[in-house]
Structures are given as structure tokens and as C-alpha cells.
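Visitor: Put the model up on the screen, please, and let's talk it through.

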Amino acid sequence: MEYIVETRNVSKKFGKETAVINLEMKIAKGEIYGFLGPNGAGKTTTIRMLLGLMKPTSGTIQLFNQNLEQNRIEILKKVGSLVENPSYYPHLTAYENLEALRKVLGVAKNRIDEVLEIVRLQDVANKKVKGFSLGMKQRLGIAGSLLHNPELLILDEPTNGLDPSGIIEIRELIKTLPSQYGMTVLISSHLLSEIDQIATTVGIVTKGQLIFQDSIETLRKYANQNVSFTVSESKKAWQLLISSGLQAELQQNRVLIQDCSDGIVAEAVRLLVQAGQAVYRVEDEKKSLEEIFLQMTKEENAG
Amino acid sequence: MIANLLTSEFLKIRRKGFWLLTFLGPFGVVALQMVNYGVRKDYLLQQSNDDWGYYLGNVHSFTPLALVLGIAILTSFMASIENETNAWKQLIALPVSKMNVYLSKFTVLACLMLFSSVLLMVFTFAFGLVLDLGSAVPYMDIVQYSFFPFLASLPILALQLWVSTVSQNQGIPITVGILGFILTYSAFFLPDWVIWKWPSLMNDANEPVQNVLLGVGVGCLLYVVGMIDFTRRDVK
Ligand SMILES: Nc1ncnc2c1ncn2[C@@H]1O[C@H](COP(=O)(O)OP(=O)(O)OP(=O)(O)O)[C@@H](O)[C@H]1O
Ligand SMILES: [Mg+2]
């Protein structure tokens with residue numbers, strides 16, 4: 001597999017505090033990698049290291065199979081980024097802000113109009129950024145990161161401060177990047193719901209440690225489903241199911257069984273009906289990704 | 001690459017008052033003499049047989065102060081452009097070397113100061129003509145009084161740029177600027193090795209060129225030290 005980003009044993013210390021510990025991040029070409037973690041987990045620190053803004057205390061970083069420290073400038077020609085809060089020059093217009101970046105990147109002038117259109121800021125191109133709303137500044141930052149058609153796009157919480165329609169818009173945009181432009185995308189967030197909708201691979205970091213890194217499908221499998229039965233006499237029903245060798249759990253007025261293959265569910269229903277229970281509802285109960293995420297980070301804390 | 005960075009930097013200093021300050025500095029220095037000679041021209045012309053020389057001396061008495069103040073303000077403006085929204089992270093994540101970023105900032109500032117010096121020369125000469133100080137215009141002296149102080153103040157420029165780009169707290173460069181201003185004001189009483197004395201072009205040997213050579217030499221040294229420090233730091 002061709003990895004666009006590959007870190008080996010990367011750690012970063014600030015004084016005594018370790019913000020990132022032995023990070024082994026792998027991002028394959030064409031992926032949308034969702035980089036998840038609660039506040040202070042080390043997402044931004046990792047991203048800063050990937051961009052060469054900070055040097056790792058130990059470990060090596062490879063981007064496009066090149067060592068970042070030795071080939072920083074070559075590599076950054078192919079990387080677009082947006083780190084933390086958007087940076088901009090408030091006294092300049094949106095167009096001039098992009099022009100200041102374009103001059104350094106050395107791309108054609110018409111790219112400015114193109115990216116302004118992509119983020120739908122063309123109407124305010126000649127207004128000073130000082131007066132922009134947070135969402136507009138965020139979109140300007142995304143426009144800047146797209147200027148040179150990067151092969152790798154690194155976005156740190158890009159939907160921060162956007163309203164729901166703005167979030168959807170950016171999400172749709174990001175989704176199209178790999179297929180339309182062959183980009184690989186790294187997008188960080190502290191909200192699983194956001195990553196869930198676009199990511200193909202997920203990395204979960206907490207307290208500086210990567211505790212999960214796999215496809216989004218694998219993450220979803222962690223959502224070990226339950227089937228819940230709402231019946232007339234739940235306690236009796238629970239005892240019945242247990243005595244029949246099923247793994248059941250009593251929850252208030254419901255009974256949950258963990259193995260939810262069709263045969264087992266049918267068996268449970270038959271048992272309950274035969275015992276004269278009134279079966280009101282039989283429902284799939286999926287754990288939300290939020291719950292899995294919380295569970296994972298909690299397990300990490302406990303262990 | 002450095003040319004691209006420079007044009008980008010010149011774009012960024014738009015509407016920030018850089019050009020206005022560049023004009024105001026030399027204009028102010030000569031304007032003080034407009035007031036001075038406007039109020040008591042006859043008295044001043046009696047003070048010396050060398051009217052041009054005396055006039056240049058008067059102009060020069062304020063040049064170092066204007067320079068040191070200008071450097072402090074311009075460097076802190078320069079740093080504020082990137083500090084305001086922490087645009088350093090955006091700038092350094094571009095495919096540029098940090099050395100060239102630092103060099104472009106320094107070059108822009110040096111260009112502005114140089115432009116100020118040109119204006120100082122023009123204003124000094126023009127007002128001298130208005131005053132009708134005699135036909136023997138000391139062209140060489142006018143050039144020297146306009147450019148030597150700038151060259152002698154390069155270490156101050158390098159130091160202030162270094163301090164203002166690496167300080168988390170902008171109070172530090174401002175303090176350095178104010179101290180520098182006071183030291184420049186007291187130049188007469190300072191030993192020769194103090195860099196804030198150099199723009200006054202005074203020294204024990206009475207040799208202005210010595211200050212210029214020292215200024216360029218130590219300026220380069222402080223520039224390199226500041227640049228190395230800048231490149232080694234993590235970006236905020
Ligand atoms: N420059 C710094 N100096 C000292 N400590 C730092 C620095 N930058 C980050 N840290 C610490 O490193 C840890 C990780 O911070 P980081 O900004 O990477 O978190 P994050 O995952 O991006 O969080 P958030 O979701 O809030 O953006 C934090 O505990 C933070 O205090
Ligand atoms: Mg962050």
C-alpha cells in the first residue's frame with residue numbers, strides 16, 4: 001500500500017508534558033482520514049509536526065515517502081493546510097490575502113478566482129477580511145489551502161464556527177476531493193458525527209496516543225448491536241431467556257440480548273410468545289459512534 | 001523564491017501605515033528645522049560662518065532619534081502583521097525556508113529605511129536651498145548625513161526584528177524600543193561600543209565612517225544570530 005503520510009514513533013514533549021506519544025500514523029493515498037480526539041488530545045500538535053512547524057522530540061515523519069526534515073520544502077509544495085483558527089491578514093481583501101499566498105506558491109493568477117468560487121466567496125472577494133464572519137474566514141482559509149491543487153490536504157477542525165449549512169457545504173466539498181482531484185485528505189475533529197459522514201479511515205487519539213486506526217467500517221463493527229425486547233413482564237421474560245441459555249440483560253422494562261443473529265432473535269421471540277408474554281416491540285439497538293468513542297477513551301483512561 | 005516572498009511581503013504591508021511612517025520620519029526631522037529657522041533664522045545664521053554645515057548639524061541632531069523610533073515602530077508593525085491572527089503557521093507551512101522568510105522581512109524593513117534616507121536627503125537639500133544658505137552646497141555631507149545614520153543603525157534594526165518576531169509577549173520589543181530611544185537620546189554620554197550611540201555618528205576618534213563600518217558588520221552579525229534563532233524555534 002502506498003502511504004502518503006507515515007510517522008514512526010513520533011513523540012512531542014513540551015517541557016515535562018508529553019503531548020504526543022509514539023504516534024504511528026499511516027494514511028494511504030486517496031483516503032479521507034478522520035483524525036479524532038477530544039480537546040487537548042494532541043491533534044493540532046500532530047498536524048503542526050506533519051507540516052514541519054514543530055520538530056518532533058523523537059521519531060521520524062515521512063510524507064510522500066520522503067523524510068520531512070530533509071525535504072520539507074519539496075514536500076510542502078504538495079501539501080495544503082489549515083491549522084487551528086484561520087489565519088488571515090485583516091487589513092487586506094479576500095483576494096489580496098490569496099494573492100499574498102499565491103505569489104509565494106507561484107501558481108497562476110486565475111486560481112484565485114477558481115478557489116474563491118469553490119468556497120463561494122467570489123462576491124466578497126474585494127472586501128476586507130476584517131469584516132468577515134468566522135465562517136467566511138474559515139472558508140477563505142480553505143480556499144488558500146486549495147490554491148496550489150495539493151496532493152495532500154490537511155485540515156484541522158475545518159468546520160469550526162460554521163453554521164449547519166456551511167458544515168454540509170464543506171463536507172460535500174471535502175468528499176469530492178479524492179475522486180475529482182486525487183487528493184488525500186487529513187481532517188481532524190473532536191466530533192465523531194462529523195468524521196463519520198466523510199472519513200474512509202479513522203484515527204482516534206487521546207492523551208497523545210493513537211488508540212485506534214482502521215477503516216470506518218471496522219469502527220462501526222465496534223458498535224456491537226443489541227436487540228431489545230419490550231414485553232409485558234420484563235423480569236420474567238429475562239429469567240426465561242437466561243434459563244434458555246441466551247445472553248440476556250435486564251434494563252428497566254426492556255430485555256436486551258447481545259447476539260442478534262436472525263436465528264437467535266426468532267428463538268427468543270418464540271420462547272416469549274409461548275410463555276404468554278405480550279411482545280410489544282423488538283428493536284435493533286445500535287450504539288452510536290459517540291458512545292463507542294467515549295467507551296474507547298474511557299477504557300484508555302482506566303487502563 | 002526570495003523575490004516571490006518579497007513581493008508578497010510588500011503586498012502585506014499595504015494600508016498598515018508603513019509608507020506613511022517612512023515619509024513622516026524624514027519629513028518630521030526637516031520640519032523641525034523649518035520651525036527652528038522659521039522662528040529665528042537670523043540668529044541661527046549668525047552662529048557660524050559655515051551656514052550649510054551648521055544647518056546640516058541641526059538636521060542631524062534629530063535624525064538618530066527619528067531612526068531609532070522608526071525602527072521600533074516598523075519592526076513591531078511587521079511582527080504584528082503575522083502575530084495578529086497567528087499567520088506565522090500559515091506562512092511557514094508554505095514551501096519556503098524559514099531563513100528566506102526572515103530575510104524577506106528584514107529586506108522589506110531595510111528597504112523602507114533606505115527609502116526614508118533618500119527622502120531625508122531630498123528634504124534636507126530642498127529646504128537648504130529654500131533657506132538660501134549659499135552657493136557652496138556640500139553635496140557629500142548631505143549624502144553622508146542622510147545615509148550614514150541608517151547604516152550605523154542596522155544593528156538596532158536586526159536586534160528589534162529578532163526580538164519582535166520571537167517574543168510571545170509584544171511588551172518585550174516595545175520595552176527594548178523605548179530603552180533604545182532613551183539611550184539614543186543620551187548618545188553623547190555613552191561609551192563608543194553601545195550600538196544606540198552609533199546613529200549619532202559620534203565617537204572618540206571623530207570618525208563617522210567607523211560607526212558605519214561597525215554598524216554594517218555588527219548588523220550582519222545580529223541579523224544572522226536572529227535568523228538562526230528564528231529558524232530553530234517551533235512555530236506558534
Ligand atoms: N506550544 C505549546 N506549549 C506547551 N504545551 C502545548 C503547546 N501546544 C500544545 N500544548 C499541549 O499539548 C497538548 C495537546 O494540544 P493540542 O493543541 O495538540 O490538542 P488538540 O487535540 O488539537 O485539542 P483541541 O481539540 O482543543 O484543538 C495540550 O495539553 C496542550 O496544552
Ligand atoms: Mg486543536
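Visitor: By class, how many nonpolar, polar and charged residues does the shell around ligand 1 have?
Guide: A residue joins the shell with a heavy atom within 4 Å. Ala, Val, Leu, Ile, Met, Phe, Trp, Tyr, Cys and Pro count as nonpolar, Asp, Glu, Lys and Arg as charged, and the others, Gly among them, as polar. Sorted that way, the shell around ligand 1 comes to 4 nonpolar, 5 polar and 3 charged residues.

Visitor: Which helix gives that shell its largest share?
Guide: This is a predicted model, with local features needing pLDDT of at least 70, side-chain atom pairs needing 80 or more, and totals for chains, interfaces and linings using all residues. Residues are numbered from 1 along each chain, chains are lettered from A and ligands numbered from 1 as written, and side-chain values use heavy atoms, without hydrogens or water. Strand 2 (17-23) and helix 1 (43-50) of chain A each bring at least two shell residues, helices being DSSP runs of H or I, at least four residues, and strands runs of E, at least two, numbered from the N terminus. The largest share, 3 residues, belongs to helix 1 of chain A.

Visitor: What lies 2.7 Å from an oxygen atom of ligand 1?
Guide: The shell includes A:Pro38, A:Asn39, A:Gly40, A:Ala41 and A:Gly42, and some of these make polar contacts (N or O atoms within 3.5 Å). A:Asn39 brings a polar side-chain atom to 3.0 Å from a ligand oxygen, while A:Ala41 has a backbone N or O atom 3.1 Å from one. At 2.7 Å, it's a polar backbone atom of A:Gly40.

Visitor: What's the strand order in the open sheet of 6 strands?
Guide: Strands pair when DSSP finds at least two bridges between them. The edges are strand 7 (79-82) and strand 11 (209-215) of chain A, each pairing on one side only. With mixed pairing, the order in chain A is 7-8-9-4-10-11.

Visitor: Strand 4 and strand 9: parallel or antiparallel?
Guide: Take A:Phe35, which faces A:Ser188 in strand 9 of chain A. In chain A, 5 bridges link strand 4 (residues 32-36) with strand 9 (residues 184-189), and the two run parallel.

Visitor: At about what angle does helix 1 sit to strand 9?
Guide: Helix 1 of chain A packs on this sheet, in contact (heavy atoms within 4.5 Å) with strand 4, strand 8 (152-156), strand 9 and strand 10 (201-206). Angles run from 0 to 180 degrees between N-to-C directions, along lines fitted to C-alpha atoms, for helices over the stretch in contact. Against strand 9 of chain A, the direction of helix 1 makes about 150°.

Visitor: Which residue is the bridge partner of A:Val231?
Guide: Strand 12 (residues 226-231) and strand 15 of chain A pair antiparallel over 6 bridges. The partner of A:Val231 in strand 15 is A:Val279.

Terms used. A polar contact is a pair of N or O atoms within 3.5 Å; within protein, one must be able to donate a hydrogen and the other to accept it, and residues adjacent in sequence count only if both atoms are side-chain atoms.
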